[in-house]
Amino acid sequence: MQNSEALALTAALLAAAADLTQRVNEGVVARGFEGRPAYGFAFARLAPDGATVTELAAHLGFTKQAASQLVDELVRKGYAERRSHPEDARARLVVLTDRGWACTRAAEEAAADALRAWVDVLGEGEVRALGDRLARIAPKGPVRPAW
């Protein structure tokens with residue numbers, strides 16, 4: 001692959017990712033939730049069983065202070081709450097509230113809507129194949145914001 005082709009592919013992938021992030025966020029807002037894309041990246045870590053601020057910071061690639069500020073914001077907006085940690089009396093566990101779970105479902109719906117636009121252009125088989133190929137090359141581990 002020539003350098004110019006590599007640069008064009010890189011630009012296309014970044015543009016698609018940015019567009020997808022924007023469409024999901026707009027879909028979440030249209031469904032009555034306020035927020036920003038960082039919420040979704042945080043919800044992905046909080047969703048299973050909650051996380052400490054330190055764990056969330058590591059997942060997002062944030063400082064502990066920045067993660068703590070994000071948690072404060074999520075708590076203020078009713079998306080998450082702090083609970084006693086079941087295994088560490090010194091730590092607090094951050095978990096999604098019912099509102100946080102509802103916002104997560106809204107994001108799933110918005111993502112499906114956004115991908116329908118790709119299906120309209122490429123067809124369902126091509127979009128599934130694209131997903132399979134990207135899964136083979138995407139780094140394993142947390143999906144972090146790119147800003």
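Phe43 is buried, with a relative accessible area of 5%, where buried denotes under 20% relative accessible area, exposed over 50% and partly exposed in between, for a 1.4 Å probe and protein chains only. The model is predicted, and local features therefore need pLDDT of at least 70 and side-chain atom pairs count only at pLDDT 80 or more, whereas totals for chains, interfaces and linings use all residues. Residues are numbered from 1 along each chain as its sequence is written, and side-chain values use heavy atoms, with hydrogens and water left out.

Four aromatic pairs are present in the structure, a pair being rings of Phe, Tyr and Trp (its six-membered ring) with centres within 6.5 Å, counted as stacked with planes under 30 degrees apart, as edge-to-face over 60 and as tilted for the rest. The pair of Phe33 and Tyr79 is tilted because the ring centres lie 6.4 Å apart with the planes at 40°, and both residues are buried. Tyr39 and Phe43 form a stacked pair, at 6.4 Å centre to centre and 25° between the planes; Tyr39 is itself buried, with a relative accessible area of 3%. Phe33, Tyr39, Phe43 and Tyr79 together form one aromatic cluster.

Not counting residues up to four places away in sequence, Phe43 touches Leu74, Tyr79, Leu96, Gly100, Cys103 and Thr104, contact meaning heavy atoms within 4.5 Å.
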